[in-house]
Amino acid sequence: MPRDSYAAGFGYQWNQHRLTQLDSHSGVPISRDRLLAQSGWSATELRGKSVLECGSGAGRFTEVLCGMGAEVTSFDISSAVHANNATNSGFPNLRLVQASIYEMPFPQQSFDYLLCFGVIQHTPDVERSFKTLFRYLRPGGRFCIDVYAAGVAYLHPRHLLRPVTKRLPPKTLYSWVKRTAPPLLPLSTALGATPLVGPYLARLIPVANHQHLPLPNKATRRAWSVLDTFDWLAPRYESPQPRRRLERWTRELGLREVTIERHRGLHVVRGVK
Ligand SMILES: C[S@@+](CC[C@H](N)C(=O)[O-])C[C@H]1O[C@@H](n2cnc3c(N)ncnc32)[C@H](O)[C@@H]1O
């Protein structure tokens with residue numbers, strides 16, 4: 001992939017935060033719980049199955065899938081694959097590739113499961129990304145894809161900053177976020193504790209705050225905050241999707257047993273091809 005692809009900022013982010021969100025690093029099964037809750041799959045059913053993981057970043061879900069004994073093929077367009085490789089290359093059941101959703105070097109209709117978290121809203125053509133993924137899933141295969149939900153996502157104050165921040169070199173933006181996010185966290189937390197209107201007030205402060213997650217200590221909380229604040233501000237593309245559009249795409253693809261659930265700010269689409 002070209003070094004200056006639109007996803008270069010993601011490569012930078014995941015190599016700065018290679019371990020931050022890994023369950024094996026935080027000691028808390030946040031990624032495992034999210035994978036099981038969103039997909040509705042079980043560790044037992046995944047064992048020995050071929051799973052295609054799209055846009056794997058630093059590999060927080062790669063680690064979980066490999067640990068469950070799935071035969072995992074995982075790819076990402078950016079240099080994040082180096083971070084993932086440094087962490088997960090010890091798994092004999094992992095094949096890791098740097099590639100784009102639009103040019104996947106795999107046989108079509110070949111995977112039992114398809115998983116794609118946090119990716120397609122950051123691609124230049126979300127419909128094309130969504131529909132391309134299914135070419136690689138075998139008929140009868142199961143999928144789980146999440147995408148930012150349109151509506152509330154656009155009311156977030158980060159959208160006032162993004163026209164500038166998404167154009168900054170990743171290194172410049174990252175050093176700014178690293179300096180500004182940690183001091184803003186206590187303010188965001190204090191506003192969030194206000195009775196009734198807390199969550200709305202906290203949103204006025206453009207800093208990622210994971211109060212809802214059982215993170216082990218303040219240092220970890222700060223690292224997640226820096227990582228996700230950068231993840232809000234840096235991506236070249238961010239296109240949240242309305243539920244109706246996702247329903248239409250799944251109909252056009254002839255997918256079965258489709259459910260679209262709301263998990264915090266995400267639509268989680270799952271079903272069978
Ligand atoms: C927000 S990160 C999510 C990473 C991981 N799935 C997670 O949840 O931690 C989005 C990832 O999608 C990748 N990505 C963006 N466009 C892509 C494309 N066309 N093909 C493959 N990966 C892509 C980025 O490089 C980035 O690592």
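## Basis of the model

The model is predicted, so that local features need pLDDT of at least 70 and side-chain atom pairs count only at pLDDT 80 or more, while totals for chains, interfaces and linings use all residues. Residues are numbered from 1 along each chain as its sequence is written, and side-chain values use heavy atoms, with hydrogens and water left out.

## Domains and their interface

The domain assignment, which is automatic or from a database, gives domain 1 (8-150 + 240-272) and domain 2 (152-233), and their centres, taken over C-alpha atoms, are 24 Å apart. In the contact (heavy atoms within 4.5 Å), domain 1 contributes 20 residues and domain 2 contributes 19.

About 1800 Å² is buried between the two domains, 68% of it from carbon and sulfur atoms; buried area is the accessible area (1.4 Å probe) that two parts lose on being put together, summed over both. In domain 1, Y12, H17 and I30 lose the most area to domain 2, together 28% of what that side buries.

## Ligand surroundings

The ligand is surrounded by 21 residues (a heavy atom within 4 Å), of which the closest are Y6, G55, D76, I101 and F117. A polar side-chain atom of Y6 lies 2.6 Å from a nitrogen atom of the ligand, whereas for D76 a polar side-chain atom lies 2.6 Å from an oxygen atom of the ligand. In the side chain of S100, an N or O atom is 3.3 Å from a ligand nitrogen atom.

Key:
A polar contact is a pair of N or O atoms within 3.5 Å; within protein, one must be able to donate a hydrogen and the other to accept it, and residues adjacent in sequence count only if both atoms are side-chain atoms.
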